[in-house]
Structures are given as C-alpha cells and as structure tokens.
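Have a look at the picture below, and then we will go through it piece by piece.

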Amino acid sequence: MARYDAERALELIDRYRARCFVGVPVMLQRLLALDSAQRARYDTSSLQAVVAAGAPLPPTTATQFLDPFRRLLYHPSGPPHPASGPPA
C-alpha cells in the first residue's frame with residue numbers, strides 16, 4: 001500500500017490473515033475513526049499483536065483501540081497494554 005488507508009489496511013489484514021500490525025499511533029487513530037460498521041466488515045481475529053511505534057501513544061488511543069480490537073498492544077517506549085483476555 002503506497003499510502004496508508006485505514007479501511008484498506010483492514011481489508012489486507014482480513015485477506016492475508018495477518019498476525020501482527022505495526023504502525024505509528026496515528027494509524028491506530030485512523031482505524032478508530034472508521035465507523036463500527038466499516039470495521040465490522042473485516043475479520044481481524046488473526047491479529048495476535050499490534051505494535052505502535054515512532055511517536056508517543058496517547059493513553060486514550062491505547063484504551064480506545066483495545067475495546068474493538070482486543071489484542072495485545074505494544075508501544076516500545078512503554079509497557080505493553082494487555083487486552084481483555086487472550087487473543088482470539
């Protein structure tokens with residue numbers, strides 16, 4: 001993907017059954033900006049971990065991301081943010 005597109009990222013995660021997503025915090029924010037119907041069209045259950053690096057991760061973004069995605073979220077400059085329960 002030459003230019004980041006949040007919905008396209010979900011499509012690729014779904015299609016290729018990606019196990020890890022690595023991006024900067026703004027990418028997570030753009031995924032969260034999609035409405036729940038858009039996010040629901042894609043199966044992200046293959047994701048086992050998400051790594052946010054390259055910029056500070058706002059605590060609100062980390063908390064908001066864990067709710068719909070339920071994965072272990074790593075931010076290299078801080079501790080991992082555990083999801084509610086093990087990856088599906």
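Which residues have the most contacts inside the largest nonpolar core? They are Leu10, Phe21, Leu28, Leu31, Val50, Phe65 and Leu73, in a core of 20 residues. A nonpolar core here is a set of buried Ala, Val, Leu, Ile, Met, Phe, Trp, Tyr and Cys residues joined through side-chain atoms within 4.5 Å. Helix 1, helix 2, strand 2 and helix 4 are the elements that give two or more residues to this core.

A word on the source: this is a predicted model, in which local features need pLDDT of at least 70 and side-chain atom pairs count only at pLDDT 80 or more, while totals for chains, interfaces and linings use all residues. Residues are numbered from 1 along each chain as its sequence is written, and side-chain values use heavy atoms, with hydrogens and water left out.

**The overall plan**

The protein has four helices and three strands, arranged along the sequence as α-β-α-α-β-α-β. Helices (H or I, at least four residues) and strands (E, at least two) are DSSP runs, numbered from the N terminus. Of the 88 residues, 35% count as buried; buried means under 20% relative accessible area, exposed over 50%, and partly exposed in between (1.4 Å probe, protein chains only).

The three strands make an open sheet in the order 1-2-3, with parallel pairing. Strand 1 and strand 3 (72-74) are at the edges with a single partner strand each, so one side of each has no neighbour in the sheet. From one strand to the next, the twist averages 15°. Two strands pair if DSSP finds at least two bridges between them, and strand 1 (residues 20-23) pairs with strand 2 (residues 49-52) over four bridges. Across this pairing, cysteine 20 is opposite alanine 49, and valine 22 is opposite valine 51.

In a regular strand the side chains alternate between the two faces of the sheet. In strand 1, Phe21 and Gly23 belong to the covered face, whereas Cys20 and Val22 belong to the uncovered one. Phenylalanine 21 touches residues including Tyr4, Ala9, Ile13, Leu28 and Val50, leaving out residues up to four places away in sequence. Contact means heavy atoms within 4.5 Å.

**Helix 1**

Which residues of helix 1 (residues 6-16) are buried? They are Ala6, Ala9, Leu10 and Ile13. Looking down the helix axis, these buried residues fall within an arc of 100°, so they line one face of helix 1. Their cover includes strand 1, helix 2 (25-33), helix 3 (36-40) and helix 4 (59-69). Aspartate 5 caps the N-terminal end of helix 1, and arginine 17, with a positive phi near 55°, follows the helix.

**Histidine 75**

Histidine 75 sits in the segment after strand 3. Is histidine 75 buried or exposed? Its relative accessible area is 9%, so histidine 75 is buried. Its contacts, apart from neighbours within four places in sequence, are Ala52, Ala53, Ala55, Pro56 and Leu57.

The table lists polar contacts, which are pairs of N or O atoms within 3.5 Å; within protein, one must be able to donate a hydrogen and the other to accept it, and residues adjacent in sequence count only if both atoms are side-chain atoms.

| Side chain | Backbone atom | Distance |
|---|---|---|
| Aspartate 5, oxygen | Glutamate 7, nitrogen | 3.2 Å |
| Histidine 75, polar atom | Alanine 55, oxygen | 2.8 Å |
| Histidine 75, polar atom | Leucine 57, nitrogen | 3.4 Å |

Note on methods
The arc is that of the directions from the helix axis to the C-beta atoms. Axes are lines fitted to C-alpha atoms, for helices over the stretch in contact, and angles run from 0 to 180 degrees between N-to-C directions.
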